[in-house]
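I opened this notebook to keep a record of what I looked up in the structure shown below.

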2 protein chains.
Amino acid sequence: MNNFSFELIREDTETDARAGLIHTPHGDVPTPVFAPVGTQATVKTLTPADLQALQASLILSNTYHLYLRPGPDLIAEFGGLHQFMGWPGPILTDSGGFQVFSLKGLREVDEDGVTFRSHLDGATHRFTPEKVIAIQEQLGADIIMAFDECAEPDDYDYNMAALGRTHHWAERCLLAHKRADQALYGIIQGGIFSDLRLKSAEFLINLDFPGYAIGGLSVGESKTEMHTILEILHPILPRHKPRYLMGVGSPEDLFECVARGVDQFDCVLPTRVARNGAVFTNQGRINLRNAKYARRHDPIEIGCTCYTCSHFSMAYLRHLIKANEILGLHLATIHNVHFMLETMRCIRHSILEGTFTAYKEEFLSHYQPVPKAMQGNG
Amino acid sequence: MNNFSFELIREDTETDARAGLIHTPHGDVPTPVFAPVGTQATVKTLTPADLQALQASLILSNTYHLYLRPGPDLIAEFGGLHQFMGWPGPILTDSGGFQVFSLKGLREVDEDGVTFRSHLDGATHRFTPEKVIAIQEQLGADIIMAFDECAEPDDYDYNMAALGRTHHWAERCLLAHKRADQALYGIIQGGIFSDLRLKSAEFLINLDFPGYAIGGLSVGESKTEMHTILEILHPILPRHKPRYLMGVGSPEDLFECVARGVDQFDCVLPTRVARNGAVFTNQGRINLRNAKYARRHDPIEIGCTCYTCSHFSMAYLRHLIKANEILGLHLATIHNVHFMLETMRCIRHSILEGTFTAYKEEFLSHYQPVPKAMQGNG
């Protein structure tokens, strides 16, 4: 079996951008990479054949959701998540920490773990580091995550206390993890506080994880605060290990965070906004529900090679979405996932060619980001 | 342009079953044929590529729905329905009569046409024979329908009065229809009453339509009543013209009605029940939500060649449906449409081979129909 390894292929000379290759038992992942999210063992609306046509090289699935439904025992009985969902390529599972700590009022943390109530039926469950590793071993993803505590980004005292638990849990996760065919990443926490982030990185680097995730960002802090943390971490993170910025991001985030040394991303954005009729273009995000697209013969993006843009007008897509047709959500999802994956492929290509800065400037010169206040509106 | 024609290839010797070929400007339709329904310019959850992979040869779309949204002017501006929805194969549009007469309390009929209120926004609209033909010419389907009045099947006086209008409207439709690349079918009405059905068939046969639809069945009458009407009509309908039984049917209906001379079918059943988690098997319809499928490693039907059965376990499909994932509806739809189309292909093959009766008996010996009282439950 071809176990996990990371190959650093080229470092940009003008920025901290890196191009590499993650080898996994289920195939190679060219980095930087954007992973579409398949929360419930499906990237919403897409078949595995669709994902292959989109050339997705890595997808993410959520431990918390799969633990509750259909349960890790059932997935293990089917040989793991790859077989269960029919996806032959690399998979990453998160630790469930982010979801559990999002259950405000439904969870209680102690030094040993977290007791929480299911958002589905209110039943009580408990996650410990050992439990979370056992679940992820049952799911069988190629890349798995240590159990961590996600604190509010701007509460120093809480972040300091949570960091102690996160670090202790990271040690326990390492001890508990037995499957040699899975790479267990440590998760750096510490909110928006440079000293805590550095302390967290140093502690986890000493534990020698095969990869490092940066958690607790893109949860309400400013873009500048997020960028500052990345800039602080870059020089101390091991050069020959992948860095994964969890839950990020938008098209503009890919450029800014790749420029600050990030190799891996995941985000629900392209799939979630598609289900509200919003699609990415090189000029920014547009919503197909808008009346001005009702008679448009052109595709979402002229020149886009995705199935949606190759076959359908904006007028047809708008009709489907206005008529609440599932096909509209499917076609918008295909386009958005293609947009993210293709943009990332272009980013990687530009790093390899030594033209990343020029490509970044060119892209950001015409791409209009969604104002922060409107980001939830799809 | 290859205009419409019907080629009768073989008549069964033991039943009234027929195998033929409908030629249309957008391709040939082997008959008997089952047409999946694409009400709002999409067969729900399926892309045109999916329909091509399923080898669908004819799809239906609804004049009433497309008239209201996005409107025939817009579709005409895009070159017609084929271009608008990206479906290159044959399309049939209904006349809107069935939908308009289903709008109980929202419509008023007179000798000239029907005034009705939109189910979307309550706005008042009017359909006349000329209007319905004009809309269908704008949509540009290969096979279009005369405007008819659908009466309650067991109300003799109403059926007799409605029949007068339907016949007068059929004449007006013929006069109004100009596009030589479309085949306009007449619709035989008359409820469950043999004398009215015969009278309707005779009247419409004299008008020399290129095909005949049988409307107002499968709307609450018994199977026996439906079969009786078909048996009465068979001997008088022109041998060399296609017969289309509208809105039918279930897998067992295909066999029983093909045996009574029907060449064309359409029904929302396979797509509608799929969205409730119900799928066809050779033993009958099952619902994947049932707990007994939670750990089933086998596909819906062993040996089924559809994408769903080739790739996914019942356990995975059940998980998707229980988790309200769109992919579950999509995969169930693919299987159900495949089941109907493949069953019809086998029926046609058996007619050509002279083994239809044996195939019918074999299929019906293991296929358990859904009891009438439960047919709405998916």
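Entry 1, charged pairs in chain B. I take a salt bridge to be a side-chain nitrogen of Lys or Arg within 4 Å of a carboxyl oxygen of Asp or Glu. By that rule the side chains of Arg172(B) and Asp112(B) form one, with N to O at 2.8 Å. Arg172(B) sits in helix α7 of chain B and Asp112(B) in the loop between β7 and β8 of chain B, so the pair ties together parts that are 60 residues apart in sequence. Helices (H or I, at least four residues) and strands (E, at least two) are DSSP runs, numbered from the N terminus.

The model is predicted: local features need pLDDT of at least 70 and side-chain atom pairs count only at pLDDT 80 or more, while totals for chains, interfaces and linings use all residues. I also note that residues are numbered from 1 along each chain as its sequence is written, that chains are lettered from A and ligands numbered from 1 in the order in which they are written, and that side-chain values use heavy atoms, with hydrogens and water left out.

For burial I use relative accessible area (1.4 Å probe, protein chains only): buried is under 20%, exposed is over 50%, and partly exposed lies in between. Arg172(B), at 14%, counts as buried, whereas Asp112(B), at 35%, counts as partly exposed.

I then looked up Arg165(B), which forms a salt bridge with Glu111(B), the closest N and O atoms being 3.0 Å apart. Arg165(B) lies in helix α7 (residues 156-176) of chain B and Glu111(B) in the loop between β7 (107-109) and β8 (114-117), so this pair ties together parts that are 54 residues apart in sequence. Arg165(B) is buried, with a relative accessible area of 10%.

How many residues of chain A are in contact with chain B? I find 38 residues of chain A in contact with 37 residues of chain B, where contact means heavy atoms within 4.5 Å. The count between chain A and chain B is 4 salt bridges. One of these joins Glu325(B) to Lys44(A) at 2.6 Å, N to O. By class, the side of chain A that touches chain B has 21 nonpolar, 9 polar and 8 charged residues; Ala, Val, Leu, Ile, Met, Phe, Trp, Tyr, Cys and Pro count as nonpolar, Asp, Glu, Lys and Arg as charged, and the others, Gly among them, as polar.

Glu325(A) likewise forms a salt bridge with Lys44(B), with the closest N and O atoms 2.6 Å apart. That pair crosses between chains, from the loop between α13 and α14 of chain A to the loop between β4 (33-36) and α1 (48-53) of chain B. Glu325(A) counts as buried at 1% relative accessibility, and Lys44(B) as partly exposed at 24%.

Ser313(A) lies in the loop between α12 (307-311) and α13 of chain A, and at 9% relative accessibility Ser313(A) counts as buried. Leaving aside neighbours within four places in sequence, Ser313(A) is in contact with Arg296(A), His297(A), Asp298(A) and Phe78(B).

Finally, I checked α14(B), where 22 of the 28 residues are buried. α14(B) is followed by Gly354(B), whose phi is positive, near 80 degrees.
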